[in-house]
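Hello,

Here is the structure I promised to pass on to you. Please open it beside this email as you read.

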Amino acid sequence: MTTTPSTTSKAEPAEQFDDMTQQRHADLMGMWIFLATELMLFGGVFTAFTVYRHAYPDAFAEAAGHLDLTLGTLNTVLLVTSSLFMALAERAANAEQKRLTLMFLLTTIGIGVVFLAIKGYEWHHEYTEGLMPVLGLEFRYPGQHPEQAQMFFNFYYVLTGLHAVHMSLGMIMLLVLLVFTLRWRNPPKLGRQIQINGLYWAFVDIVWVFIFTSQYLLRASS
Amino acid sequence: MKDVKAPVLAWGGYVVILGASVAAAKLVPGSLGHAFSLLCAFVMAALIVTFFMGLRSADNLLRVFALAGIMWLTFMIVLTMADYFYRDIKEGTALRQDGGVTSHHETMRVRHAVEASSGSPIQDMFIGEARQPLRHEGMVEEFEKPGCSYRANAGILLPVGEAPGLQRS
């Protein structure tokens, strides 16, 4: 465990703030407000899904049974593990431990890559099965309610696609943080940046929890 | 590093709850299993918010903002669904002209049949539970199905007679 002392570790607030406490509160408040707008973005899709899930319960439950529950569960475990490492990276940065911070950030990014790879594999599998009714692709559904199932899969691709975009953006931000960590110029500031990005990453995890539950778990029992 | 134990324990709790949720989805049929899975989702989200997003140690104003987001989302879903529950709309249903509901799939099937036969799209359509045969001038098509017949009139479709498959749910 290597501790790299900082040459500029004394935290100075930006000029519009009285002190660091006020600046930290403003940082967190801004991020939570942003996350509230993100919640409304996903919330609209989830509300529409709830309406149709209520209208076509049997068809949606049957369609959910065509998703790979094992891969979905694996991805859920992976994402919460990445959130854990993100939280640990924040603590390592606040403890000014460069090596640990780097290691935790790299692990978080690595798990994110694996998550997206598994998701991509799932999409490819569904494409080969004819269960991808997007971009004019033929929809070959083997169940009893093909029209309603098509609606289910439309929701599935909108939700998982939107989530994957958020994951990708989060990983780009984590790569930037990785570069900042390698430079290690202002550890207190880096700690705050990692904390703010950690909020975003955890939010993406929460969204996935509800995507996983609504798309994979609310299925007809076999 | 400080305060590492809490997030690690939260991760362990999350994985256990996830396992229970997946098991319920496989083993418990119907609404009970679905309700349990949804409950597990809320608990897992609460673990993330509390331990990974630092709401446990956040000041009260921040907690209010976090709860406000959840509150507005809850309002949106509850008020939207209240309409559907109030109107008693069930699976695959559409509003009938008498305020009841009928099968949406059946509605669309008949509509497509009328459009294919007449060669022109229907601008508007109602399906009602007629208590006696309806007669209108200008009826152009008639369609039969067991227990029910439909007549198309200038784009307005009316069923005639009893329709066992179209009873109020």
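Below are some notes on where the two chains meet and on the spaces in and around them.

A word on conventions: this is a predicted model, where local features need pLDDT of at least 70 and side-chain atom pairs count only at pLDDT 80 or more, while totals for chains, interfaces and linings use all residues. Residues are numbered from 1 along each chain as its sequence is written, chains are lettered from A and ligands numbered from 1 in the order in which they are written, and side-chain values use heavy atoms, with hydrogens and water left out.

Let's start with the interface. In chain B, 48 residues are in contact with 50 residues of chain A (contact means heavy atoms within 4.5 Å). The area buried between the two chains is about 4400 Å², and carbon and sulfur atoms give 77% of that (buried area is the accessible area, with a 1.4 Å probe, that two parts lose on being put together, summed over both).

Which side chains form the salt bridge? Arg91(A) and Asp3(B) do, at 3.5 Å from N to O (the rule asks for a side-chain nitrogen of Lys or Arg within 4 Å of a carboxyl oxygen of Asp or Glu). It is the 1 salt bridge found across this interface.

Now for the pockets. The largest pocket has a volume of about 1400 Å³. (On a 1 Å grid over the protein atoms alone, a pocket is an open set of points with protein on both sides within 12 Å along at least five of seven lines, a cavity is a set where a 1.4 Å probe fits but cannot get out, and lining residues have an atom within 4 Å of a point; points are joined across faces, edges and corners, and a volume is the space filled by probe spheres set on them.) Of the 44 residues lining the largest pocket, Thr50(A), Phe210(A), Leu38(B), Phe42(B) and Ile77(B) lie nearest its centre.

The second largest pocket has a volume of about 570 Å³. Among its 23 lining residues, those closest to the centre include Glu90(A) and Arg91(A), and Arg91(A) is the salt-bridge residue from above.

Finally, the whole structure holds 2 cavities of 30 Å³ or more. The second largest cavity has about 40 Å³ of space. Its lining is Ser83(A), Met86(A), Ala87(A), Glu90(A), Gly198(A), Ala202(A) and Phe52(B), so Glu90(A) turns up here too.

Happy exploring!
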